[in-house]
Amino acid sequence: MSKRTSFFFDERAFWHSAGQYNAMIPVGRWVQPSSAGGYVDSPESKRRLKNLMDVAGLSAKLSMCSGEAASERDLLRIHPQAYVDRFKELSKAGSGELGFHAPVGPGSYEVAAISAGLAIAAVQAVFKGDADNAYALSRPAGHHCLPDQGMGACLLANIAIAIEAAKADGGLGKVAVLDWDVHHGNGTQSIFYSRSDVLTLSIHQEGCFPPGYSGAEDRGVGDGEGANINIPLLPGSGHASYIEAMRRIVIPALERFKPDLIIVASGFDANAVDPMARMLLHSDSFREMTRMVKDAAQRLCNGRLVVVHEGGYSEAYVPFCALAVVEELSGVRTEVDDPLRDWIEQQQPRTAQRDLQSELISQMVNDLGLPMDG
Ligand code: ZN
C-alpha cells in the first residue's frame, strides 16, 4: 500500500457546463437538438472515475487532495489579460465561445481556475517531494488551449500554467510533457514551441483534431528546435502500435532530453469506444504506457511524474482506462475487471496495418535522429 500517490480532485470541476452550446455539430436547420443536451464533454466520464476508485477501494489507499484555484497571476503567466477578462465576462453572462469549439457556461471561469489549480497542486506536490507521483482530475481539459483563445473544450492551458507556476516558485528545470490524448496537444506545443526547457511530445490520431493536422515535421523553432516531437498514428491503430511508438520514440526522446519532471497529458479518447476518435486501445494499453513512463521517470528524474487528465468521452469506458493509470502510478491493483478488454483485444488491427505503422514509425525514428533499434 502506498500513500505516496496523491490524487487531486474537486467536485466543482464536474460542474462546468457548456451553457446553450449543444454539440460538435451545431444544431438548427437539419440537425435536431439532442434532448440530453448533447455536449460531448459530459462530466460523467471523470466523475465516474472517482466513483469507481471509491467503490474499488483505491481512493482509500491514496492521498486524496484538492487544491487552491489558480490565481489570476498564475493565469497571466500564459494567457494575456484581454483573454482572461473576456473569459470572465462570458462566464458571468453564462454563455459564449472562447474559440473554436470552446463553449463557456455559467461560472466556467471559476471552474476552469479550479481545474488549473489541481494541475498546479499536483506538480507542486511532486516537485516538493510531498508525493512520489500525482494525478490531477482536471476538468475542463487544457491541452488545446492557446494563450489568446480557447479551443476544443479547453479554456485554460492547465499544464502550461502549472509548469510556469512551479518555475516561478524557483528550482524547476527541464520538463517533458507527454500528451497521449488522441487529439494533438496543439496548445501545449504552441506555448513552448521556442523553448528548450520544455520538451513537448504528442502521440495522436493523424488529422483528427485540430482537423487535418499531422505535425510530424514540426520540431520547434529557435531555442526550441528539437524540443517538440509529434507522433501521428494512422486511424485504427491499436495497442501494439502505441507501445511501439512509446518504446522507439517517446522513451528514447525522454532519455535524450533528461527531464527533471515528466507530466503526462492523459486523455483517454484513444480507447476503442470513444465517440471522438477512431483508435483501438483498452485499459491495459494505458496501464502499459503508464508503466513505461513511470520506469523512465524512475531512471531519469527520481520518479517525478504527474498525470493530468485531458479528454476522453465514453462515460462508461474512460473510468476503466483511467483507473488502470492510477493503479499503475500507485502500485495498488484493485479487483476491478475491465469488461471490454477481451472484446477490444479481438478488434486489434491485423499484421498488415501494424507493419505499415511500424514502417512509418521507423521513418520518424530516423528523422528524429533517435537510435534505430528496430
Ligand atoms: Zn482529446
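Me: What radius of gyration does the protein chain have, and what would a compact globule have?
Reply: This is a predicted model. The protein chain has 19 Å. A compact globule with 374 residues would have a radius of gyration near 21 Å, so the value agrees.

Me: And what box do the C-alpha atoms fill?
Reply: Roughly 55 × 50 × 45 Å, taken along the principal axes.

Me: How much of the chain counts as buried?
Reply: 60% of the 374 residues.

Me: What about contacts with a separation of 6 or more? What share comes from residues 24 or more positions apart?
Reply: Such residues account for 77% of those contacts in the protein chain.

Me: Switching topic. How many helices and strands are there?
Reply: The protein chain has 11 helices and 12 strands.

Me: Let's pick a pair. At what angle do helix 4 and helix 5 pack?
Reply: About 50°. Helix 4 covers residues 108–127 and helix 5 covers residues 158–169. Their axes are 8 Å apart.

Me: So what do you call that arrangement of helix 4 and helix 5?
Reply: The two helices are oblique to each other.

Me: Is the crossing left-handed or right-handed?
Reply: The crossing of helix 4 and helix 5 is right-handed.

Me: Which residues make the contact?
Reply: Helix 4 brings A112, S115, A116, A119, I120, V123 and Q124. Helix 5 brings N158, I161, A162, A165, A166 and D169.

Me: And how do they split by class?
Reply: Nine are nonpolar, three are polar and one is charged.

Note on methods: Residues are numbered from 1 along each chain as its sequence is written. This is a predicted model: local features need pLDDT of at least 70, side-chain atom pairs count only at pLDDT 80 or more; totals for chains, interfaces and linings use all residues. Side-chain values use heavy atoms; hydrogens and water are left out. Axes are lines fitted to C-alpha atoms, for helices over the stretch in contact, and angles run from 0 to 180 degrees between N-to-C directions. Helices (H or I, at least four residues) and strands (E, at least two) are DSSP runs, numbered from the N terminus. Angles under 35 degrees count as roughly parallel, over 145 as roughly antiparallel, 65 to 115 as roughly perpendicular and the rest as oblique. A crossing is left-handed if the near helix is turned anticlockwise from the far one by less than a right angle, and right-handed if clockwise. Contact means heavy atoms within 4.5 Å. Ala, Val, Leu, Ile, Met, Phe, Trp, Tyr, Cys and Pro count as nonpolar, Asp, Glu, Lys and Arg as charged, and the others, Gly among them, as polar. The radius of gyration is taken over C-alpha atoms; the globule rule is 2.2 Å times the number of residues to the power 0.38. Buried means under 20% relative accessible area, exposed over 50%, partly exposed in between (1.4 Å probe, protein chains only).
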